[in-house]
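Please read the following briefing alongside the sequence and the coordinates.

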Amino acid sequence: MSLPKILYPVQTLDNQLLLPAGTVLTPDTLDALVDSSKSLSSPRRCSLLEFGSVKKDLLRFLSIPPWASIFTDQKEIARLLDSMEAVRLALPVLQGVAYFQGRDFYTYRHTLVVFALSTLLAMILSEDSEALVQEASTGPTHDFGKICVPLHVLRKTDPLTRAERTVLEHHTLAGYVLLAHYDQDPTSFAAAVARDHHERRDGSGYPRGVCLTERLVEFVAASDVYDALVSKRPYRPISYDNRTALEEVTAMAERNQISWDVVKALIARNRESKPHYSECVVSTEKRGSPPSDNVYGVIADQDPFGVTH
Ligand SMILES: [Fe+2]
Ligand SMILES: [Fe+2]
């Protein structure tokens, strides 16, 4: 596997250049960057839920279907909020949250609901309470690299060109570099999740096309796909209905892109009786249909014969 290359400058919101375009991202490159980050004082950390209107906004997002039927048990919500309240992010990362809140509200809402759902999946599927806190802290930063993606690409309502798609997908490596820098740790778990949340178990994902084996990353990956389907997006004003979205996630398990127990946990939470995930029988029948104006995956400059312009 070739080493990934940085396609455009990775820089902070206050325009500090971390890596220029063209840098080959070797372990030594990242170590050198983190060594220079360590010469700076470590950034102050604050609770994400206590930052601005985050907690109020999150509770409002979760009160809307389908989230309202996933998060129903008040005791469980209180436990969930306890874990989420323990998540403290570096101040420049919180400024990234404010950046999305003001400039790209879709990404702001998305990162908060992925924060909640991936923490819930970790509560259901992981026995390890340390892993729960670790997991909770990665949901809200998985798309942090999008601060390096031009806003006109993030907000584009027409199909992306191939070049724009490449720029968008590069948020994974940008986030990896940025979070390793702010965590002052080349092995930062939040950085690894930012890099790997679009990878799949069968190696069909990006940016590296590696087989995803890390369980905790799968919780973010599953939450990410589910929210992307059930939410309005710039390129798709009408979202998938919940049944079709769950069928799409089920199809990912059928293709071995995501683990069955993660899909079962998500489907169990969507059932009124809230069965234990291990007892959740998943239908593989496909009855739903995607919204007709969905242009996800459509490349603007590719003709039906696969020739790009
Ligand atoms: Fe992403
Ligand atoms: Fe995402």
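Which helices are included in what covers the buried residues of α13? The cover includes α12 (215-230) and α14 (260-270), where cover rests on contact, meaning heavy atoms within 4.5 Å. This is a predicted model, in which local features need pLDDT of at least 70 and side-chain atom pairs count only at pLDDT 80 or more, while totals for chains, interfaces and linings use all residues. Residues are numbered from 1 along each chain as its sequence is written, and side-chain values use heavy atoms, with hydrogens and water left out.

**Whole chain**

- The protein chain holds 14 helices and four strands, which are DSSP runs numbered from the N terminus (helices H or I, at least four residues; strands E, at least two).
- Because a compact globule of 309 residues would have a radius of gyration near 19 Å, the 19 Å of the protein chain agrees with that expectation; the radius is taken over C-alpha atoms, and the globule rule is 2.2 Å times the number of residues to the power 0.38.
- Along its principal axes, the C-alpha trace of the protein chain spans about 55 × 50 × 35 Å.
- Among contacts in the protein chain with a separation of 6 or more, 69% are between residues 24 or more positions apart.

**Burial and surface**

- Of the 309 residues, 53% count as buried, where buried means under 20% relative accessible area, exposed over 50%, and partly exposed in between (1.4 Å probe, protein chains only).
- The protein chain exposes about 14100 Å², of which carbon and sulfur atoms supply 52%; these areas come from the Shrake-Rupley method with a 1.4 Å probe.

**Helix α13**

- Helix α13 covers residues 242-254, and its 13 residues reach 18 Å from first C-alpha to last, close to the 18 Å expected at 1.5 Å a residue, the expected span being 1.5 Å times one less than the number of residues.
- The buried residues of α13 include Leu246, Glu247, Val249 and Met252.

- Asp261 lies in helix α14 and counts as partly exposed because its relative accessibility is 23%.
- Leaving aside residues up to four places away in sequence, Asp261 touches Leu125, Arg215 and Tyr277; Asp261 and Tyr277 are 16 residues apart in sequence and 6.9 Å apart in space, C-alpha to C-alpha.
- His181 is found in helix α10 (residues 171-183) and counts as buried because its relative accessibility is 6%.
- With residues up to four places away in sequence again not counted, His181 touches Thr12, Gln16, Leu18, Leu33, Ser37 and Leu40.

Key:
Chains are lettered from A and ligands numbered from 1 in the order in which they are written.
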